[in-house]
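Hello,

Here is the structure I said I would pass on. My notes follow below it.

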Amino acid sequence: MAGLCEGGALGKPRKITGRMSYPNLGDWPIGCKVTIATEGAVMERKMPFKDALEGMVNGRRVRGRRRYQMIDDIEIYGSYAETKRKAENRKDWRKLVRAVPSQDNRCRHCHNEVETLVHVLGSCPHGEVLRNARHHQVRSIIATALKDADYNTFKEVHGLSVTGSTRRIDIIAFKESTRSGFIIDPTVRFETNEEQPAEVDKEKKNIYNPTIPYYLQKYQLEELEVIGLLVGERGTATLFMKDVFKRLGIPTSIIPIVTLAALKGSIAPLKHHLYSK
Ligand SMILES: [Zn+2]
C-alpha cells in the first residue's frame with residue numbers, strides 16, 4: 001500500500017508506504033489530503049483531526065482513555081491549535097481535560113454518589129429536567145395509543161389516597177362502555193434483572209391502589225387496575241410490556257417506539273452530564 005499526502009499550505013507533498021491498514025498518520029499534517037492506493041482500489045480523503053486521534057496512529061488504535069470523550073473535551077475549548085498550545089503547559093491541560101474525576105469516583109456534579117451510569121441516568125439532580133422529559137415522552141406515546149384504542153384517557157391527574165395523602169397518577173384510561181379501566185404508571189428505570197418488571201408493577205400497585213376508590217368515584221367507574229410498567233432506560237423491551245399492551249388492546253408494534261424514546265431520552269442526560277458544567 002502506498003499513500004500520498006498533498007500537503008498544500010500544510011506541508012510538501014509526501015509519499016509514504018506502510019504495511020498496516022492505515023499509513024503512519026502520526027507523521028502527517030492534520031487536514032492534509034490523503035490518497036491511499038491499495039490493490040487496485042484508490043481511496044482519496046481528507047484526513048481530519050478526528051481520524052488522527054481516534055483512528056490509527058502508527059497503524060495502531062490509540063489505547064488508554066476513552067477516545068471520543070477525549071476528542072470532544074478538546075473541541076469544547078476551541079480550536080485544536082489553541083488546545084495544543086495550552087496542552088504544552090501541564091497545569092493548563094489538567095484544568096482543560098477532566099474526563100474522569102481524578103480525586104475520587106464520586107459524581108462530578110452532585111458529589112453525592114459514585115458516578116455510575118445508574119446514577120447519571122436515574123438519580124443525578126444535574127439531569128433531572130431531561131430525565132422528566134424522557135418520562136413525559138414515553139407517557140405520551142402510551143397515552144396516544146390508548147386514545148387510538150378508544151379509551152377515555154387522562155394524564156397527570158391528582159387524586160387522594162384512602163389515607164388522605166395526595167398522589168398524582170400518570171395515566172388513567174377507561175372504556176365508556178364497560179366503565180372499567182386502568183391506572184398506568186410507565187417507569188423508565190435502569191434494567192437490572194428478569195424479575196424487575198413484576199417488581200415495578202408490585203411497587204406501583206402498593207403506591208396507587210389506595211387511590212382507586214377516589215378515581216372510581218371521580219369518573220363513576222366500576223373497576224380500576226393499577227399497572228406499573230417498566231421501560232428500560234437503555235431501551236429494553238420486556239415480555240411484561242408485550243402482555244400489558246395485549247391486555248390493553250393497544251398494538252404491540254408501538255413497543256420499539258416506546259423503547260427507542262426511552263433510549264434517546266437517556267442519551268440526552270448522559271451527554272448533558274459529560275459535557276456541561
Ligand atoms: Zn450526580
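**What the model shows**

The chain has 10 helices and 10 strands; helices (H or I, at least four residues) and strands (E, at least two) are DSSP runs, numbered from the N terminus. This is a predicted model, in which local features need pLDDT of at least 70, side-chain atom pairs count only at pLDDT 80 or more, and totals for chains, interfaces and linings use all residues. Residues are numbered from 1 along each chain as its sequence is written.

Of the 277 residues, 25% count as buried. Buried means that 20 or more other C-beta atoms lie within 10 Å of the residue's own; exposed means 12 or fewer, and partly exposed is in between, with C-beta atoms placed from the backbone.

Helix 6 covers residues 128–148. Its buried residues include Arg-131, Val-138, Ile-142 and Leu-146. Just after helix 6, Asp-150 has a positive phi of about 65°.

Strand 7 (residues 152–160) and strand 8 (residues 166–175) run antiparallel and are joined by eight bridges; two strands pair if DSSP finds at least two bridges between them. Gly-159 has Arg-167 in strand 8 as its bridge partner. The two strands form a hairpin with five residues between them, and Gly-164 in the turn has a positive phi of about 100°.

Regards

Terms used: Expected span 1.5 Å × (residues − 1).
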